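Dear colleague,

I am handing over the structure below, and I would be glad if you kept it open while you read the notes that follow.

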Amino acid sequence: MAWIEEPLRADDLAAHVALRDRIDVPIALGENLHTRYRFAEFIDAGVVDVVQPNIVRVGGITPFLAIASLADDRGVDLAPHLLLELSAQLALTLPGEHLVESVEDASFADLGVIASPSPVMVEGTRARTTGQTGLGIRFTDDRADAAASADPTEES
């Protein structure tokens, strides 16, 4: 599927309505929307073909799943945005297949905040699991990592 992503300011519903009247290209948006209610406004206005909720910006797993359900009920595609260690896992829990956006430098691994590889991989635009149960994400503890890497014979 090809689309134009976030073509206008995220909060400008009227501009999206005007754009929809002028183009036939599918529109993806949502990385900068923050509530299920805003997603509903854009979906119900018929201006979005692919919603891209960002799990952090929408407030976590429960609101993300509410947005996914809303999209499914209204026949709009879902392509979770960023932090693929979380969003890819959520995509795998939903019925059907969903594209997952794997953006350079936008995963926990790229940010250097996880201590072991994620149990979910994105190949192309599709998520797959390594078979590990649970979220399987172990975050680094900078204090513990710093202490473990410090040379005990070195004096400060």
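The buried residues of α3 are Phe64, Ile67, Ala68, Leu70 and Ala71, where buried means under 20% relative accessible area, exposed over 50% and partly exposed in between, with a 1.4 Å probe and protein chains only. Seen down the axis of α3, these buried residues fall within an arc of 160°, taken from the directions from the helix axis to the C-beta atoms, so they line one face of the helix. An α-helix has 3.6 residues a turn, so residues three or four places apart point the same way. On the other side of α3, Thr62, Asp72 and Asp73 are exposed.

This is a predicted model, in which local features need pLDDT of at least 70 and side-chain atom pairs count only at pLDDT 80 or more, while totals for chains, interfaces and linings use all residues. Residues are numbered from 1 along each chain as its sequence is written, and side-chain values use heavy atoms, with hydrogens and water left out.

Helices (H or I, at least four residues) and strands (E, at least two) are DSSP runs, numbered from the N terminus. The buried residues of α3 pack against α2 (36-44), β3 (50-51), β4 (77-78) and α4 (84-93), a contact being heavy atoms within 4.5 Å. After α3 comes Gly75, which has a positive phi, near 75°.
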